[in-house]
Amino acid sequence: MSTTVSIKHNQPAAGQAETERYNTVVNAGTLYLVATPIGNLDDITQRAVEVLQQVDIIAAEDTRHSQRLLSHLSVNSRMLAYHEHNEEKMTEKLFAELVHGKSVALISDAGTPLISDPGYRLVSYVHAADNDTVKIVPVPGVCAAITALSAAGLATDAFTFEGFPPSRQGARLNFFERLAGQHRTMIFYVSCHKIINTLKDMQEVFSAERRVAFARELTKTFETIKRTTLSELLAWVEADENQRKGEIVLIVEGKTATATDSRQLDFYLSTLLAELPVKQCVKLVVQLTGENKNEVYKRALQIKDNPETAEN
Ligand code: SAM
């Protein structure tokens with residue numbers, strides 16, 4: 001079932017420009033999804049502070065962790081724990097509070113809730129309940145993925161967020177294999193304990209020369225941002241143990257497809273097809289180029305049937 005939730009924001013006073021700030025007033029029966037900083041506490045928005053100060057309940061991933069931020073902001077609202085182990089039970093409880101007119105702010109340990117963090121179950125539940133009295137309001141702010149992407153120096157016109165790669169090597173290699181043909185820039189969250197093995201697997205699947213941006217400890221004292229190739233990044237991280245500490249986002253360039261690539265592919269195929277059977281030719285070209293086997297096979301058959309269509 002699809003639902004449309006329409007939100008009545010606090011409107012600017014007559015004569016006040018749309019872009020001017022206007023006071024935040026928290027509404028009853030509203031779930032606020034509030035982004036918090038990923039390091040530098042000054043990165044919280046003014047609106048987030050006002051919402052957190054006014055809501056009846058703050059649902060936090062780790063109440064002890066969030067207490068430090070809330071004390072810093074002089075926020076005394078009641079806190080409840082909402083994390084992956086109690087999500088199911090707490091979703092129903094928080095929804096009941098919302099139906100009874102309470103205002104609730106959902107926060108995670110850092111950044112935007114729901115982005116590799118708890119909250120999906122609650123937001124989805126509210127939509128599915130289709131209850132006109134309960135509203136959802138995002139209060140945007142920092143997200144490590146977007147912060148890293150903005151500084152990566154890699155294409156930003158089309159990108160995908162891939163979250164954390166699997167921990168086990170077999171599953172991780174399969175995960176990267178499925179992304180091998182992705183042309184969009186890819187964003188990954190990576191645990192510092194797995195950075196070396198992750199880079200080795202990425203290099204194996206995406207190639208040593210694929211460009212990558214490494215964004216570590218964003219907005220914190222040891223913030224490090226470096227754009228290079230996968231092989232150079234691996235060597236650099238292996239040589240400096242400080243680069244294996246803290247929080248890391250990797251931004252990997254998508255597979256580049258150029259006119260020269262397809263011309264080169266056609267050149268290999270038509271040259272080899274003159275000497276070898278299709279199957280053998282496809283095998284060699286896949287080894288030489290790393291291109292997708294099915295695509296190469298399809299192209300080989302086209303060139304075999306119509307050699308004049310080859311771009312060379
Ligand atoms: N919800 C958060 C967000 O909006 O970015 C992400 C939470 S996820 C559990 C934590 C991961 O985000 C870390 O392992 C790291 O990959 C990334 N991350 C969080 N803070 C970061 C920072 N200051 N610098 C680099 N990466 C960070």
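# A chat about cysteines, domains and a ligand

Q: Looking at this model, how far is the sulfur of Cys192 from the closest cysteine sulfur?
A: In this predicted model, the sulfur of Cys192 lies 19 Å from the closest cysteine sulfur, which belongs to Cys143, and that is too far for a bond.

Q: Why is that too far for a bond?
A: A disulfide needs the two cysteine sulfur atoms within 2.5 Å, so the 19 Å between the sulfurs of Cys192 and Cys143 rules a bond out.

Q: And how many disulfides does the count come to?
A: By this rule the count is zero disulfides, and Cys143 takes part in none, with the nearest cysteine sulfur, that of Cys192, 19 Å away.

Q: Are Cys143 and Cys192 buried or exposed?
A: Cys143 is buried, with a relative accessible area of 12%, and Cys192 is buried as well, at 16%.

Q: Switching topic, what is the mean pLDDT of the protein chain?
A: The mean pLDDT of the protein chain is 91, and 91% of its residues reach 70 or more.

Q: What about residues 1–8, what is the pLDDT there?
A: Over residues 1–8 the pLDDT is below 50, and in the model this stretch has 13 contacts beyond near neighbours in sequence.

Q: Which domains does the assignment give for the chain?
A: The domain assignment of the protein chain gives domain 1 at 30–142, domain 2 at 145–252 and domain 3 at 262–309.

Q: How far apart are the centres of domain 1 and domain 3?
A: Taken over C-alpha atoms, the centres of domain 1 and domain 3 are separated by 55 Å.

Q: OK, on to the ligand: which residues come nearest?
A: There are 19 residues around the ligand, and of these Thr112, Asp117, Ala144, Tyr189 and Ile248 come nearest.

Q: What does Thr112 do at the ligand, in terms of atoms and distance?
A: A polar backbone atom of Thr112 is 2.8 Å from an oxygen atom of the ligand.

Q: And which backbone atoms lie by a nitrogen atom of the ligand?
A: A backbone N or O atom of Ala110 lies 3.2 Å from a nitrogen atom of the ligand, and a backbone N or O atom of Leu218 lies 2.9 Å from a nitrogen atom of the ligand.

Q: How much of the ligand's accessible area does the protein cover?
A: The ligand on its own has 570 Å² of accessible area, and the protein covers 91% of that.

Conventions. Residues numbered from 1 in each chain as written. Predicted model: local features only at pLDDT ≥ 70, side-chain atom pairs only at ≥ 80, totals over all residues. Heavy atoms only, no water. pLDDT = per-residue confidence, 0-100. Contact = heavy atoms within 4.5 Å. Buried < 20%, exposed > 50% of the residue type's maximum accessible area, 1.4 Å probe, protein only. Domains from an automatic or database assignment. Near = heavy atom within 4 Å. Polar contact = N/O pair within 3.5 Å; in protein donor to acceptor, adjacent residues only side chain to side chain. Areas by Shrake-Rupley, 256 points an atom, 1.4 Å probe, with all protein chains shown as cover.
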